[in-house]
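Here are a few quick notes to go with your first look at this one. Have the viewer open while you read.

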Amino acid sequence: MLLLSASLIPSNAQVVENAPQEAKTPSVEMADVFRQDGKIYVVVAVMLVILGGVTVYMVGIDRKLNKLEKELDIH
Amino acid sequence: MGNNNVQKADNKQIVNKLFRKSWWKIATVVLLVYTVVAGLLFDVPRLAILNETVRVLHFHVPMWFGMIILLTFSVVYSVKYLRKPELQHDIYAVEFANAGVVFGILGIISGSVWAKFTWGAWWSNDPKQNGAAIGLLIYFAYFILRNSLEDEQQKAKISAVYNIFAFAALIPLLFILPRLTDSLHPGNGGNPGFNTYDMNSDLRKVFYTAVLGWTLLGGWLASMRIRMRIIKQKINEKHEENYLRTDHLAAVERESHSL
């Protein structure tokens with residue numbers, strides 16, 4: 001989830017915002033962008049986790065139904 | 001005898017093949033992931049009062065779109081039932097209505113939260129809010145009506161008729177009456193915060209995906225509950241068969257004793 005969210009961040013924005021800093025001090029690669037923009041990426045990550053959980057749960061129910069249908073010979 | 005034939009016709013346990021296919025379920029998840037990511041990160045119009053809450057558009061409005069689509073399926077199956085009294089149709093009708101009403105409840109709650117921070121109150125007795133609430137109450141009565149009837153055929157028939165009336169009442173409550181008067185809700189009366197002109201291409205890109213994704217999710221939920229009911233029906237039928245068989249055996253035994 002974190003990787004997915006991080007990969008969505010436009011890379012050029014990072015370059016532009018880090019440029020002036022780089023001139024002064026050698027920049028250290030950090031996951032700064034993830035904490036920018038009012039931490040909206042955290043919200044995205046949390047919602048994806050919840051969506052993922054709901055999906056896994058629903059797929060589980062779906063599979064159980066498949067099994068029961070096979071057992072009871074329902075076409 | 002005629003009743004018996006009807007009963008036999010009911011017992012065809014055929015699950016819609018689409019219900020077992022996984023491609024549309026995968027599509028549902030992909031569309032919803034896109035909705036969450038794009039809905040929260042993409043550029044949105046800068047509008048006063050609404051601010052970032054404009055993004056709620058991708059979550060609140062699809063609940064109502066989804067509800068209407070699911071309830072349309074429900075009413076179609078109610079009509080089908082009245083044309084041909086197969087219990088299968090009744091199962092489809094009630095479960096599509098179930099999923100639709102769940103979406104409606106989520107829509108009314110999410111709308112209330114959104115209203116608190118844009119209209120200033122959780123509930124402002126807006127015609128759109130009241131219409132939605134009355135519409136949902138009409139649908140609650142559908143489930144109460146169903147549960148108050150014992151006989152399967154009677155339950156199916158009466159609730160099918162009621163469902164058609166419920167749907168016919170819901171449409172004006174949501175889409176006509178609020179437009180005849182002043183409403184805070186966009187698309188009804190003059191709301192400066194957000195109206196159809198503000199639905200720009202940025203929002204549309206995500207919004208239509210969101211509607212499709214959420215509606216498919218509702219369909220997925222309904223399909224699983226339909227399959228559950230069909231399984232239950234099949235089990236009941238097997239019990240009945242067993243009961244009849246043991247009854248028959250008992251009768252044979254009694255006969256042999258009397259001889």
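1. Which residues in H3(B) meet which in H6(B)? Keep in mind that this is a predicted model. On the H3(B) side, the list includes Met67(B), Ile68(B), Leu71(B), Val75(B), Val79(B) and Leu82(B). Their partners in H6(B) include Ala160(B), Ile164(B), Phe167(B), Ile171(B) and Phe175(B). A few others turn up too, among them Ser74(B) and Tyr81(B) from H3(B), and Gln153(B) and Lys157(B) from H6(B). Sorted by class, this contact has 16 nonpolar, five polar and one charged residues.

2. Now for how those helices sit. H3 of chain B covers residues 57-83, and H6 of chain B covers residues 152-180. Their axes come within 9 Å and cross at roughly 140°. The crossing of H3(B) past H6(B) is left-handed.

3. On to the two chains. Chain A puts 21 residues in contact with 24 residues of chain B. Together the chains bury about 2,100 Å², with carbon and sulfur atoms giving 77% of that. On the chain A side, look for Met58(A), Leu72(A) and Ile74(A): these lose the most area to chain B, together 27% of what that side buries.

4. There is a polar part to the interface as well. Four salt bridges are found across chain A and chain B, and seven residue pairs are in polar contact. The side of chain A that touches chain B has 15 nonpolar, three polar and three charged residues.

5. One salt bridge to find in the viewer: Arg227(B) with Asp62(A), where the closest N and O atoms are 3.1 Å apart.

How values were computed:
Residues numbered from 1 in each chain as written. Chains lettered and ligands numbered in written order. Predicted model: local features only at pLDDT ≥ 70, side-chain atom pairs only at ≥ 80, totals over all residues. Heavy atoms only, no water. Contact = heavy atoms within 4.5 Å. Buried area = accessible area lost by both parts, 1.4 Å probe. Salt bridge = Lys/Arg side-chain N within 4 Å of Asp/Glu carboxyl O. Polar contact = N/O pair within 3.5 Å; in protein donor to acceptor, adjacent residues only side chain to side chain. Nonpolar A, V, L, I, M, F, W, Y, C, P; charged D, E, K, R; others polar. Axes fitted to C-alpha atoms, helices over the stretch in contact; angles between N-to-C directions. Helix = DSSP H or I, 4+ residues; strand = E, 2+ residues; numbered from the N terminus. Left-handed = near helix turned anticlockwise from the far one by under 90°.
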